[in-house]
Amino acid sequence: MLTENYLLPLHVNSTTQIMLKDKIEALKAQIAELKADNEEALEALRIKYLSKKGEVTALFNEFREVAPEEKRELGQRLNELKNLATEKINALREATKQQAKEQNKIDITRPAFPAELGTRHPISVVRKQIIDIFSRLGFTIADGPEVEDDWHVFSALNFAADHPARDMQDTFFIEKNEQDVTRNIVLRSHTSSVQVRTMERQQPPIRIICPGRVYRNEAITARAHCFFHQIEGLYIDKNVTFADLKQVLLHFAKELFGTETEIRLRPSYFPFTEPSAEMDVTCMLCGGKGCGFCKHTGWVEILGCGMVDPAVLEASGIDSTVYSGYAFGLGVERITNLKYMVKDLRMFSENDVRFLDEFKSAH
């Protein structure tokens with residue numbers, strides 16, 4: 001015969017039910033604070049809480065012995081705990097995947113490694129050297145547009161209307177007016193246009209250098225290009241003489257090529273200067289003794305110069321009976337070629353890294 005105790009229901013007492021509730025709340029707090037930095041740590045958390053032997057599963061096993069009247073409430077709490085654990089693990093999994101994706105992401109716009117430091121272009125190096133020399137002599141830098149009108153490029157500089165420089169084979173025309181050449185729009189063929197603009201808006205004393213790019217309609221060869229760089233200088237004041245010009249150019253040559261350098265001025269012709277001259281320097285290879293580079297003369301031409309023609313002063317509104325001045329102009333590529341013995345001028349504009357690397361020690 002069954003005893004009374006044998007007929008009692010097999011469920012836990014109220015104290016055990018309270019302990020189960022406490023365990024559920026404690027696990028909720030733990031799960032809310034879970035963190036994982038990688039897939040391995042995430043899998044360890046899943047096993048700890050949601051596997052067949054996990055802590056959440058263990059609570060479901062205890063739930064079987066809960067009194068029927070308590071099952072509804074505790075069952076809801078256990079389901080909430082399981083859902084919370086599942087959502088937390090899934091959220092950590094997505095965060096871990098995103099983190100791995102960011103770490104493995106390749107930015108195809110980034111430079112390749114190792115990233116080598118660049119170097120200044122040889123034209124820029126020599127241009128700065130020239131500017132620094134004249135800056136120490138009191139010259140300031142003046143700038144102007146590359147697309148110019150006929151007046152500033154030709155007419156104001158005393159070029160005749162039928163001068164060959166105005167022909168299509170020498171000048172790039174943007175707009176050409178056959179009836180009135182003064183209205184032509186061109187790419188400047190020299191930076192003398194900047195000198196004109198400066199004289200128009202400023203009264204003497206004027207002491208400027210005009211560095212910039214210029215364009216000429218020439219075939220591209222080892223010795224010529226359709227664009228190149230110039231630096232022109234202008235000094236206007238009272239009682240300026242040719243001797244002043246010669247002394248400035250001698251100082252410039254010695255600073256740029258060495259203290260042993262000498263200069264030679266040969267008579268020449270330019271529409272905007274009178275008298276005009278071309279300047280040679282002693283050959284830097286043979287020291288003036290004569291070699292193949294200087295054609296056995298001992299001299300190498302580097303620039304043109306002269307006293308500003310009074311007509312040019314008057315065209316810009318400067319009284320030529322009061323003021324006088326000198327001007328000079330040189331090609332930066334020409335000077336760079338002489339300093340570094342570059343045989344092909346096209347190398348300066350092709351940007352071949354192997355060529356540019358040779359000038360890393362030049363500045």
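**Exercise 1. Is N239 buried or exposed, and at what relative accessibility?**

The model is predicted, so it carries limits: local features need pLDDT of at least 70, side-chain atom pairs count only at pLDDT 80 or more, and totals for chains, interfaces and linings use all residues. Residues are numbered from 1 along each chain as its sequence is written, and side-chain values use heavy atoms, with hydrogens and water left out.

Step 1. Take the classes: buried is under 20% relative accessible area, exposed is over 50%, and partly exposed is in between (1.4 Å probe, protein chains only).

Step 2. N239 has 68% relative accessibility and therefore counts as exposed.

Step 3. Helices (H or I, at least four residues) and strands (E, at least two) are DSSP runs, numbered from the N terminus.

Step 4. Check the backbone: phi of N239 is near 60 degrees, a positive value in a residue other than glycine.

**Exercise 2. Describe the surroundings of N158.**

Step 1. N158 sits in the loop between helix 6 (150-153) and strand 3 (173-175).

Step 2. Its relative accessible area is 36%, so N158 is partly exposed.

Step 3. Phi of N158 is near 75 degrees, which is positive in a residue other than glycine.

Step 4. Contact means heavy atoms within 4.5 Å. Not counting residues up to four places away in sequence, N158 touches P271, D309, A311 and V312.

**Exercise 3. Work out the setting of I131.**

Step 1. I131 belongs to helix 5 (residues 122-136).

Step 2. With a relative accessible area of 8%, I131 is buried.

Step 3. Leaving aside neighbours within four places in sequence, I131 is in contact with I141, I209, P211 and I231.

Step 4. I141 is ten residues from I131 along the chain, and their C-alpha atoms are separated by 8.1 Å.

**Exercise 4. Locate two cis peptide bonds.**

Step 1. The bond from P204 to P205 is cis, with omega near 5 degrees. P205 is found in the loop between helix 7 (192-201) and strand 5.

Step 2. The bond from E274 to P275 is also cis, with omega near 0 degrees. P275 lies in strand 8 (residues 273-282).

**Exercise 5. Compare the chain with a compact globule.**

Step 1. The chain has twelve helices and ten strands.

Step 2. Its radius of gyration is 43 Å, whereas a compact globule of 363 residues would have one near 21 Å. The radius is taken over C-alpha atoms, and the globule rule is 2.2 Å times the number of residues to the power 0.38.

Step 3. Along the principal axes, the C-alpha atoms fill a box of roughly 145 × 50 × 40 Å.

Step 4. Buried residues make up 40% of the 363 residues.
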